[in-house]
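Please look through the structure shown here before reading the briefing that follows.

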Amino acid sequence: MDALAILPPTRTLCPYCGVGCGLEAVASPQKSAVQSHNSYKIRGDRQHPSSQGMVCVKGATVMESMDKQRLLYPMFRSSLDQPLQRISWEKALEIIVDKIQQVKQTLGVSGLCMYASGQMQTEDYYIAQKLFKGCLGTNNFDTNSRLCMSSAVSAYGLSFGSDGPPCCYEDLELTDCAFLIGTNTADCHPIIFNRLRKHHKQNPHVKLIVVDPRCTATAEVADLHLAINPGTDISLLHGIAYLLKKWNLIDQKFIDNHTQDFEQYCQVISHYPPDKVTQICGISLEQLETAARYWGNARTVLSLWSMGLNQSSQGTAKGRCLINLHLLTGQIGKPGSGPFSLTGQPNAMGGREAGGLSHLLPGYRSIQNAQHRQEVEQLWQIPLGRIDAQPGLSAWEMFMALENQQVGLLWIVATNPVVSMPDLERVKNALRQSTFTIHQDAYFPTETAAYAHLVLPAAQWSEKTGTMTNSERRVTLSRAFRSPPGEARPDWEIFAEVGRRLGFEEQFNFSDSAAVHSEYVQLTAGRLCDQSGISYGALERFGPLQWPCPSAEHEKEVSSPKRLYTDHKFCTETGRANFCLDHSQGLAEPVDPDYPFVLTNGRLYGHWHTQTRTGHIEKIKKMHPKPILEMHPRDAEKLGIKSQDLVAIKSRRGTAQLEVLVTKAIAPGTVFMPMHWGFLWQNNAEVNSLTHPIACPISKQPELKACAVSVTPIYR
Ligand SMILES: Nc1nc2c(c(=O)[nH]1)N[C@H]1C(S)=C(S)[C@@H](COP(=O)(O)OP(=O)(O)OC[C@H]3O[C@@H](n4cnc5c(=O)[nH]c(N)nc54)[C@H](O)[C@@H]3O)O[C@H]1N2
Ligand SMILES: Nc1nc2c(c(=O)[nH]1)N[C@H]1C(S)=C(S)[C@@H](COP(=O)(O)OP(=O)(O)OC[C@H]3O[C@@H](n4cnc5c(=O)[nH]c(N)nc54)[C@H](O)[C@@H]3O)O[C@H]1N2
Ligand code: SF4
Ligand SMILES: [Mo]
């Protein structure tokens, strides 16, 4: 019998979305000595508590993308008009170290920036924090979570005193009312949706409300779909609060004992009577009242949200106004209820825990808190005062700092900003002015590599060992089960090597990723996200573990799964949760006669972001062969457009050309396009050529979900 056939499967984690499904990689018998994706079959891990054996098309096909168009060795050019040429790792590391020293002398450490991603493992994140914020002493480390979860982070922080989604997936099966707002869960978090949908189907009393300007696959099966006008969520949420209060469907005891600012909140919501709200949101009185009745009469209410709220110039306030409804009705800290932000990327949660935004430090600590800085400096054995007291540049600010020559080195890791950042023409221009850009990625070519001086080959999932935390705070270990192609290396090893060469031998003296992990978890001890009981050994013994987990035994002792705030004591100084008192401000770029449509955008079920993986998978390419603009029949008729016609879409910043699909799934006045097509995949179909960077002032998350555009037919 073939040796491979009798190997036990490797238990691992799907490297795509924040649902965090457990996978098993089964070595399949093969004659060839050459290791390829065909050597492994992927199936759902039935023992993984989050997914119970289920997977979606992305997880099921992930193996097929592992050996297509991989970046195999470092490549360099001294200016962007030259071709990239192969160099050795030794040379690449020498160039980086020289460049860092040079920038420190000319611009100072603030001239060094790293822009990374929720697709790194926690170990990668941790080592990058230690290198940038600790050893180099600059907080210019930010990630694509700034485009993704940043508003949820600040919403939890301001309402509860700490980041941290309080719910768990079991709540999906325990709730009487699920309120889904700004989330297309069916397409973007399919296994969460499967669990919820099964519960909904089996229990006729369970209500499913979906708030989305589009009739998505999620909205199609809802009991109530509120197709609100884009950007009117705060008016809707305050309008529901108005009715709950009027009908006395509130939990006064919870409000009195566990919240503050209720009186002022009542003042705020008094400005949102039903006639005004229905008009602003573009829904009927019956719809608004039904939503309030479903929420107010349910024994338990679980809300789910993602980019439809977060990617907004009021992203923080939107998350918080949703949390307000939970505070008003005491729907938190008990089974089947609570505000649950769905994490996008597989390890955006782990990133937050490890301090992966420019204002954070590991263990849910804050850069601006002197005690927090000191605690981290002590563990890192660096001089007290080394960590800068000011937050570093956010993602967008880094690109803008390139325009002013304030950045001498931009190191981009595991993200493809030349597709995913807003206002792409400006981003591309800024990158053209960069004196030194590194792109560290698993694939080549990418749109961002076209703007890089140095590309570094990264080992990715299946080729490196590390941990990730999913949306329900559950940590899973992904072991390497095959070797990286060519000269690719794990991200953390690259950072650690640079650290040692800069003279920080002590700080980066790790034998393997388990050693990195065990140092990292020490910084979570006693914090809300306590993972000090989690180790690779414990993860192997017990399987995936949910935090808080001060000891592995603890995880087994207390009833699992877990929720936060079951005692209704919050992390604020008073222990009370704060009502948010913000009013709705509407869209940052409203429509006008020149740009009469709101362009919204998002994801398709099969594709993952910029397609570096899913663009190579035949089954997925067949599902979504090209990008399409969705438009309502009424608008199409006015413009004389039919399905499959080609149109030009124009905003104040750029243009795109797409085929149209005329459909009632989108509200009149709004058009939708997918985000997945960068210039390598289709000419002139980039959504972010059109979007603007105006951001939430608190979370600094840009309003990617709405900009004003014109649409005109192109006659072929
Ligand atoms: N298939 C697939 N799944 C993914 C990903 C992927 O690339 N592909 N990416 C992952 C990542 S990183 C993320 S962040 C998540 C994102 O997951 P989601 O947030 O569910 O995805 P989106 O499609 O970006 O946007 C969700 C919905 O917001 C709606 N929306 C737009 N404007 C508004 C508004 O003003 N109000 C409200 N209420 N809704 C609005 C859009 O119509 C859209 O249906 O998905 C994750 N899962
Ligand atoms: N208009 C618009 N723009 C958006 C959004 C939107 O809804 N609308 N959504 C925003 C959101 S929520 C997100 S999360 C971003 C996503 O945008 P990106 O982060 O740009 O998208 P990805 O294609 O996931 O890029 C991840 C990159 O990491 C590489 N990679 C994978 N694994 C590894 C690894 O282990 N190491 C290294 N070094 N590289 C690896 C992949 O090959 C890929 O190039 O887009 C944002 N932009
Ligand atoms: S739902 Fe998300 S984590 Fe689960 S298999 Fe699909 S992409 Fe992977
Ligand atoms: Mo995301």
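Which atom of ligand 1 is 2.6 Å from an N or O atom in the side chain of Arg603? An oxygen atom of ligand 1 sits at that distance from the Arg603 side chain, and such a pair is called a polar contact (N or O atoms within 3.5 Å; within protein, one must be able to donate a hydrogen and the other to accept it, and residues adjacent in sequence count only if both atoms are side-chain atoms).

This is a predicted model, in which local features need pLDDT of at least 70 and side-chain atom pairs count only at pLDDT 80 or more, while totals for chains, interfaces and linings use all residues. Residues are numbered from 1 along each chain as its sequence is written, chains are lettered from A and ligands numbered from 1 in the order in which they are written, and side-chain values use heavy atoms, with hydrogens and water left out.

**Ligand 1**

- There are 33 residues around ligand 1, and Asp212, Gly231, Asp233, Arg603 and His607 come nearest; a residue counts as near if one of its heavy atoms lies within 4 Å of the molecule or strand in question.
- Oxygen atoms of ligand 1 also meet the backbone, with one 2.8 Å from a polar backbone atom of Asn184 and one 2.8 Å from a polar backbone atom of Met307.
- On its own, ligand 1 has 910 Å² of accessible area, of which the protein covers 99% (Shrake-Rupley method with a 1.4 Å probe; for residues, only the protein chains shown count as cover).
- By class, the shell around ligand 1 has 11 nonpolar, 15 polar and 7 charged residues, where Ala, Val, Leu, Ile, Met, Phe, Trp, Tyr, Cys and Pro count as nonpolar, Asp, Glu, Lys and Arg as charged, and the others, Gly among them, as polar.
- Ligand 1 lies between domain 3 (153–341) and domain 4 (597–714), because both of these domains give residues to its shell; the domain bounds come from an automatic or database domain assignment.

**Ligand 2**

- Around ligand 2 there are 33 residues, of which Ser420, Asp441, Asn601, Thr610 and Asn688 come nearest.
- An oxygen atom of ligand 2 lies 2.8 Å from a polar side-chain atom of Gln119, an oxygen atom lies 3.1 Å from a polar side-chain atom of Trp608, and a nitrogen atom of the ligand is 3.0 Å from a polar backbone atom of Gln440.
- The protein covers 99% of the 920 Å² of accessible area that ligand 2 has on its own.
- The shell around ligand 2 is made up of 13 nonpolar, 14 polar and 6 charged residues, and it draws at least three residues from each of domain 2 (75–87 + 97–136 + 367–526) and domain 4 (597–714).

**Domains 1 and 2**

- The C-alpha centres of domain 1 and domain 2 lie 28 Å apart, and their contact (heavy atoms within 4.5 Å) takes 21 residues from domain 1 and 15 residues from domain 2.
- About 1,400 Å² is buried between domain 1 and domain 2, and carbon and sulfur atoms give 58% of this; buried area is the accessible area (1.4 Å probe) that two parts lose on being put together, summed over both.

**Backbone features**

- A cis peptide bond, with omega about 0 degrees, joins Phe444 and Pro445, and Pro445 lies in the loop between strand E17 (437–441) and strand E18 (454–457).
- Helices (H or I, at least four residues) and strands (E, at least two) are DSSP runs, numbered from the N terminus.
- Asn248 is not a glycine, although it has a positive phi of about 55 degrees, and Asn248 is found in the loop between helix H8 (233–246) and helix H9 (252–258).
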